[in-house]
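Let's take a walk through this protein together. Have a look at the sequence and the fold, then read on.

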Amino acid sequence: TEVAHCLVKTQQMLQLVGCQCAITGLRAALSQTIVDLGVTLPSPTLADLAAGLAYALRSSGTRMAHSSR
């Protein structure tokens, strides 16, 4: 429960200074604890780092181009 509390507080602090964040890679046990506590995370939660990077790129309007060498 302490980890869930820290995640919420960290996200709230980041939002106060104008940052957007997303949480990636939560373990199943922590996800279940968050749900059991009725905690609502203020930012999106994504399955893994690749999903987080894709979300960040979409959110910023950045597009990736494949480069062949």
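## The core

The largest nonpolar core has six residues: A4, V8, I23, L30, I34 and L41. A nonpolar core here is a set of buried Ala, Val, Leu, Ile, Met, Phe, Trp, Tyr and Cys residues joined through side-chain atoms within 4.5 Å. Two elements give two or more residues to this core, namely α1 (2–16) and α2 (28–37). In soluble globular proteins, nonpolar side chains tend to be buried together.

A quick word on where this comes from: the model is predicted, local features need pLDDT of at least 70, side-chain atom pairs count only at pLDDT 80 or more, and totals for chains, interfaces and linings use all residues. Residues are numbered from 1 along each chain as its sequence is written, and side-chain values use heavy atoms, with hydrogens and water left out.

## The overall layout

The protein has three helices and two strands, and along the sequence they follow the pattern α-β-α-β-α. The radius of gyration is 15 Å, well over the 11 Å that the globule rule gives for 69 residues, so the protein is more spread out than a compact globule. (That radius is taken over C-alpha atoms, and the rule is 2.2 Å times the number of residues to the power 0.38; helices are DSSP runs of H or I with at least four residues, strands are runs of E with at least two, and both are numbered from the N terminus.)

The C-alpha atoms fill a box of roughly 50 × 30 × 15 Å along the principal axes. Of the 69 residues, 14% are buried; buried means under 20% relative accessible area, exposed over 50%, and partly exposed in between, with a 1.4 Å probe and protein chains only.

## Around L41 and Q11

Residues up to four places away in sequence aside, L41 touches V8, Q11, I23, L26 and I34. Contact means heavy atoms within 4.5 Å.

Beyond its neighbours within four places in sequence, Q11 is in contact with C21, I23, L41, P42 and S43.

## A look at T45

T45 is in strand β2, which covers residues 45–46. With a relative accessible area of 41%, T45 is partly exposed. Setting aside neighbours within four places in sequence, T45 is in contact with I23 and L26. A29 is 16 residues from T45 in sequence, and their C-alpha atoms are 14 Å apart in space.
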